[in-house]
Amino acid sequence: MIYADSAATTRMSETALAAMIDCIRSDSGNPSSLYAYGQRAKERLEQARADIAAVIGAKPREITFTSGGSEADNQALRSAAILGLRQGKKHIVSTAFEHHAVLHTLKRLEQEGFEVTLLDVHEDGLVRPEEVEKALRPDTCLVSVMYANNEIGTIQPIAEIGRICRAHGVRFHTDAVQAVGHLPIDVAAENIDLLSASAHKFHGPKGVGFLYARQGTPLTPLIEGGAQENGRRAGTENTPGIVAMAAALKERAASLAEDAAAVTALRDRLIAGLETIPHGALNGDRVKRLPGNVSFCFEGIEGESLLLLLDQKGICASSGSACTSGSLDPSHVLLAIGRVHDVAHGSLRLTLDTDITEADVDTMISAVSETVAYLRSFSPVWRDLREGRIPHIL
Ligand SMILES: *Cc1c(COP(=O)(O)O)cnc(C)c1O
């Protein structure tokens, strides 16, 4: 099997798995208990917090553990909205191609009386910092722009947007779920006030993540109860999951540059191979993209059929985000970068990690080429395109 869907989730690293098992075996106490056994769990928890903070240039007390990226996104937006409301500010700026954890929370905040401006994303899959600046109003309380897109992999100009937000005194959140453990991040240098991350996207376990909130940005708990996490998130901490997340992130951070270089080379080989398929196109900027992201649209096919046939050939791929599979609507991300419905339906996302080999890449190039040709051989849309009844777009 070739696993080329690491943007959907990654396998736990052996280091993370060992850390998790050791924590369960040796220090399974409740970190809130006062006896030594509980305090050992507490020490592990605080070590994990310090390790994670160090990777993104934060202070340990600025890290709050959550159940994953979705919870971190929800809490970041809601907390910033509540802080805004206290100053009479009810306007939020974000983008049309955010993850649904952000978009659906914004929709909810709109129903509660906030005003949301969703910026267009350009054809290259990049947000323009000057357009963020232009969208700011005196009553803007929050800007939320994702660090890197989960479908098309484009890396946003986060430091520039951070500088603009800081200059205007507006809080800045970034959903960095696809970036943490894959790109170097420095929350101080990039003027980030709130940042969301999820362990299972960087070889940690599922169901655990963290929210960075700069000192001076108090968080509102989404879950009420005990005083865990400094009163920011109630409930007994998932110590084994958190310890494993920290182990996974430390491991990734130690080899970030080498891994990125190796995976980028594989990515570019795969892109070059897929570009030999006629009437297809890469989605998003070629350079400002995640090391492992390859996203294409092919005319005259259905992405879902392509996925099923690739699965039969032992290749795990995606046509967009896992969250939208099962729905017939084309991806909101591809529509946001201006792909028309028909073209957006023919999408394929292959996301690579360090375990992929050159031979795997070549296997994928042949498998995708053959399968696209096969699907086109009986596609009525493709026949219309060939016979000139409808014009080619790609
Ligand atoms: C996966 C993902 C999320 C959700 O994270 P979970 O831990 O699965 O809740 C949020 N944002 C982005 C960009 C993602 O890729």
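**View 1. E46 and K42 share helix α2.** Both residues lie in this helix (residues 36–56), four residues apart, about one turn of the helix. The model shown here and in the other views is predicted. A salt bridge joins the side chains of E46 and K42, at 3.4 Å from N to O. E46 is partly exposed, with 30% relative accessible area. K42 is also partly exposed, at 31%.

**View 2. A salt bridge connects E71 and R233.** Their closest N and O atoms are 2.8 Å apart. The pair links distant parts of the chain, 162 residues apart. E71 belongs to helix α3 (residues 69–86), while R233 sits in the loop between β8 (209–213) and α7 (239–254). E71 is buried, at 10% relative accessible area. R233 is buried too, at 18%.

**View 3. E115 meets R137 in a salt bridge.** The N to O distance is 3.1 Å. E115 lies in strand β4 (residues 115–119) and R137 in the loop between α5 (129–135) and β5 (140–144), so the bridge ties together parts 22 residues apart in sequence. E115 is partly exposed, at 45% relative accessibility. R137 is partly exposed as well, at 31%.

**View 4. Salt bridges with shared partners form a network.** D22, D27, R40 and R44 are joined in it. The count for the model comes to 25 salt bridges.

**View 5. Aromatic pairs.** The count is two. F296 and F298 are stacked, because their ring centres are 5.6 Å apart and their planes meet at 10°. F296 is buried, at 1% relative accessibility. F298 is buried, at 0%. Y374 and F378 pair edge-to-face, with centres 5.1 Å apart and planes at 80°.

Definitions and conventions:
Residues are numbered from 1 along each chain as its sequence is written. This is a predicted model: local features need pLDDT of at least 70, side-chain atom pairs count only at pLDDT 80 or more; totals for chains, interfaces and linings use all residues. Side-chain values use heavy atoms; hydrogens and water are left out. Rings of Phe, Tyr and Trp (its six-membered ring) pair if their centres lie within 6.5 Å; planes under 30 degrees apart count as stacked, over 60 as edge-to-face and the rest as tilted. Buried means under 20% relative accessible area, exposed over 50%, partly exposed in between (1.4 Å probe, protein chains only). A salt bridge is a side-chain nitrogen of Lys or Arg within 4 Å of a carboxyl oxygen of Asp or Glu. Helices (H or I, at least four residues) and strands (E, at least two) are DSSP runs, numbered from the N terminus.
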